[in-house]
Amino acid sequence: MASNGDNDYYSYDDSDANDDCGYDPNCSDDEDYLPDTVDLQSEKFYTVLKEEEIKQRQNDDITEISSVLSIPRKAATILLCSYKWTVSEVMDSWFANVDEVCSSVGLVLNEENKKQKGFITCNICFTRLGHGNCVSAGCGHSFCKMCYSNWLRVSIDDGIGCLLLRCPEPKCRVVVDRDLINSLKELPDEHKSKYERFLLRSYVEESRMRKWCPAPGCKNAVEFTEICLKNWDVVCDCSFEFCWNCQEESHSPVDCATVLEWEKKNTNESENVSWIHAYTKPCPKCKSPIEKNHGCDHMTCKKPCNYEFCWLCLGDWRKHCSSACNSFQSGQAQEGNKIRKLAQSMLQRYAHYYERWNGNHRSRRIARADLYKFKTVHSSILINNYKKQTLRGIEEAWLQIIECRRVLRWSYVYGYYLPESEKARKNLFEYLQGQAESALGRLHEYAEQELQPFIAENPAELDEFNKYYSQLGNLTRVTRNFFGNLVKGLQNGLEVGDCSC
């Protein structure tokens with residue numbers, strides 16, 4: 001007999017990847033931290049900026065605009081906010097048409113002519129006060145300081161839009177400047193600080209070339225010095241790895257669109273549907289999917305259906321005829337078998353690439369744990385046993401393994417979406433990937449297994465350790481070269497001539 005398979009659908013379990021790897025407490029799948037890296041790219045097109053460096057750059061840009069255009073710093077700040085902190089665009093627009101720029105951004109340069117004197121009636125609370133107790137954004141619309149402060153407090157609490165806040169007078173387009181906000185004693189210091197944080201955030205978030213590091217608690221930003229279409233992967237100073245373009249985990253040499261498609265495929269129900277078609281059949285009575293998990297062809301659907309039928313022909317078991325069941329049936333049955341085989345083939349192909357993608361992810365996590373163990377335990381043992389001053393070569397080997405596992409992992413995603421019809425590209429890809437994977441296997445095994453005799457209770461001789469250390473360095477270099485070829489080939493679209501073995 002067989003039972004209904006509704007709750008036993010085939011799936012790929014990622015739980016193994018979430019087990020504690022014994023690495024540093026910062027280690028997790030969602031927070032891909034590394035203590036260092038061995039990059040397969042020869043050039044880096046980015047700079048990591050700490051919070052103080054961001055503030056300094058922002059201040060320098062304000063100073064430059066203020067000096068070149070001969071305007072107050074508060075006016076320069078408004079201009080830069082309006083033009084997304086792009087100095088060149090501010091200057092180009094300013095020298096093209098000053099009046100148009102001032103009008104569009106809400107900037108008033110000659111404020112003295114618009115200051116009111118004597119007693120003023122606040123248009124919010126309608127209290128009549130002396131001009132010394134009122135403030136204006138430079139447009140001549142004055143309000144009492146308490147009303148203005150309350151209005152600013154609410155506006156700042158609403159979010160980053162307060163940076164280009166317009167005068168509270170209806171239809172007035174003049175922007176409230178930074179100096180006015182900081183001058184109001186009635187405005188709480190926490191709101192002034194919040195405004196300054198918004199100003200700093202805008203310098204990064206409004207820029208096309210700067211983004212915050214997505215690591216929890218990190219205050220660094222990453223600035224690209226030039227557009228890089230081949231590799232957006234960066235390593236922040238906090239050791240967090242991510243793709244600058246899509247803010248996901250580092251995934252070069254696979255592009256962001258392919259990664260997004262792959263992640264959707266892993267999370268949606270399409271593969272469950274494919275499995276149902278490949279490995280189940282519908283109950284002829286209630287249409288529930290049934291999985292055959294025993295050898296007998298006599299199937300019984302679950303309660304309350306309890307329908308009994310033949311697995312092969314789906315006929316009523318009580319009226320079952322072996323001769324009719326064994327005879328060839330064309331038409332619908334034949335078409336159903338064809339669809340089932342196609343679905344099974346597609347699922348097996350997906351499983352092939354998924355298992356290797358996920359397997360390299362797990363291997364990488366274990367390698368990170370091994371690196372941590374080497375740095376905290378094994379290195380001191382080796383230094384004590386062999387009186388070495390440095391063991392940088394072993395650490396570099398583990399860093400190379402970690403980076404190569406990442407590249408190899410995403411190369412399987414590249415392979416999954418590589419069209420089967422493009423035989424030449426497919427053959428080159430499998431050749432480059434095979435060479436790289438073989439080299440990585442040798443290096444990983446040598447770093448992991450061959451180290452054991454040297455950290456044992458009775459360690460091997462110094463000559464043997466020196467031989468091991470030298471060979472490990474050679475394997476590291478060879479592996480780096482093979483993976484360099486793989487990365488170059490994938491970035492160039494696997495054109496002929498990418499293989500330089």
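Analyst: Let's start with Pro253, which sits in the loop between β9 (241-243) and α8 (256-267). This is a predicted model: local features need pLDDT of at least 70, side-chain atom pairs count only at pLDDT 80 or more, and totals for chains, interfaces and linings use all residues. Residues are numbered from 1 along each chain as its sequence is written, and side-chain values use heavy atoms, with hydrogens and water left out.

User: What makes something a helix or a strand, and how many does the chain have?

Analyst: Both are DSSP runs numbered from the N terminus: a helix is H or I over at least four residues, a strand is E over at least two. By that rule, the chain has 14 helices and 13 strands.

User: Back to that proline. Which peptide bond there is worth a look?

Analyst: The one from Ser252 to Pro253 is cis, with omega near 10°. Another cis bond runs from Lys303 to Pro304, with omega near 5°, and Pro304 is in the loop between β12 (298-300) and β13 (308-310). These get a mention because most peptide bonds are trans.

User: What is the phi of Lys171, and where is that residue?

Analyst: Lys171 isn't a glycine, yet its phi is positive, about 75°. You'll find Lys171 in the loop between α5 (145-157) and α6 (178-183). Ser239 also has a positive phi, near 80°, and is in the loop between β8 (233-235) and β9.

User: Why do Lys171 and Ser239 get the labels they do, buried or exposed?

Analyst: Buried means under 20% relative accessible area, exposed means over 50%, and partly exposed is in between (1.4 Å probe, protein chains only). Lys171 has 84%, so it is exposed. Ser239 has 17%, so it counts as buried. Across the chain, buried residues make up 44% of the 501 residues.

User: Why are Tyr386 and Phe465 called an aromatic pair, and what kind?

Analyst: Rings of Phe, Tyr and Trp (its six-membered ring) pair if their centres lie within 6.5 Å; planes under 30 degrees apart are stacked, over 60 edge-to-face, and the rest tilted. The whole structure has 29 such pairs. Tyr386 and Phe465 are 4.5 Å apart centre to centre with 5° between the planes, so they pass as a stacked pair. Tyr386 is in helix α11 (residues 332-386) and Phe465 in helix α14 (residues 462-491), so the pair links distant parts of the chain, 79 residues apart. Tyr386 and Phe465 are both buried.

User: How do you know what kind of pair Tyr446 and Tyr468 form?

Analyst: Their ring centres are 5.0 Å apart and their planes at 20°, so this pair is stacked. Tyr446 and Tyr468 are both buried.

User: What makes Arg349 count as sitting over the ring of Tyr416?

Analyst: A charge sits over a ring if NZ of Lys or CZ of Arg is within 6 Å of the ring centre and within 35 degrees of the ring normal. The charged end of Arg349 is 4.7 Å from the centre of the Tyr416 ring. Lys211 lies over the face of Trp244, at 4.5 Å from the ring centre. Tyr416 also belongs to an aromatic cluster, whose members include Trp262, Tyr350 and Trp410.
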